[in-house]
Amino acid sequence: MIKYGVSSKYNFGEWSHRVYGPFETEEQAEKWLHTEECDFREREIMSKTAAIKLAGKKAVENAMEV
């Protein structure tokens, strides 16, 4: 299964999401998951379908490379 990473932050009453991936391997996804961000975001690994439901299709189509 292809996996994506979603980095989420709650800011002033709204969630903002950044999508990363797709990850080529499970190890790559786990490494990304355990990397800290300086602005206290929450990170999750999920399927493409779940990432679309959370962040939107456009965000997944424009996912940032890791």
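Tyr20 counts as buried, because its relative accessibility is 11%, which falls under the 20% limit for that label. The structure is a predicted model, and a search through the whole of it finds three aromatic pairs. Tyr20 belongs to a cluster in which ring pairs link it with Phe23 and Trp32.

**Aromatic pairs**

- The rings of Tyr20 and Trp32 have centres 5.4 Å apart and planes at 45°, so this pair is described as tilted.
- Tyr20 is found in strand 2 (residues 14-23), whereas Trp32 is found in helix 1 (residues 26-33), so their pair ties together parts that are 12 residues apart in sequence.
- Phe23 and Trp32 also form a tilted aromatic pair, with 5.7 Å from centre to centre and 45° between the planes.

**Burial of the ring residues**

- Trp32 has a relative accessible area of 6% and is therefore buried.

**The nonpolar core and the contacts of Val6**

- The largest nonpolar core is made up of seven residues, namely Tyr4, Val6, Val19, Met46, Ala51, Val60 and Ala63.
- Val6, a member of this core, touches Val19, Met46 and Ala51 among other residues, when those up to four places away in sequence are not counted.
- The contacts of Val6, counted in that way, also include Trp32, the residue whose ring pairs with those of Tyr20 and Phe23.
- Further residues touched by Val6 are His17, Arg18, Glu42, Arg43, Glu44 and Leu54.

Conventions. Residues are numbered from 1 along each chain as its sequence is written. This is a predicted model: local features need pLDDT of at least 70, side-chain atom pairs count only at pLDDT 80 or more; totals for chains, interfaces and linings use all residues. Side-chain values use heavy atoms; hydrogens and water are left out. Rings of Phe, Tyr and Trp (its six-membered ring) pair if their centres lie within 6.5 Å; planes under 30 degrees apart count as stacked, over 60 as edge-to-face and the rest as tilted. Helices (H or I, at least four residues) and strands (E, at least two) are DSSP runs, numbered from the N terminus. Buried means under 20% relative accessible area, exposed over 50%, partly exposed in between (1.4 Å probe, protein chains only). A nonpolar core is a set of buried Ala, Val, Leu, Ile, Met, Phe, Trp, Tyr and Cys residues joined through side-chain atoms within 4.5 Å. Contact means heavy atoms within 4.5 Å.
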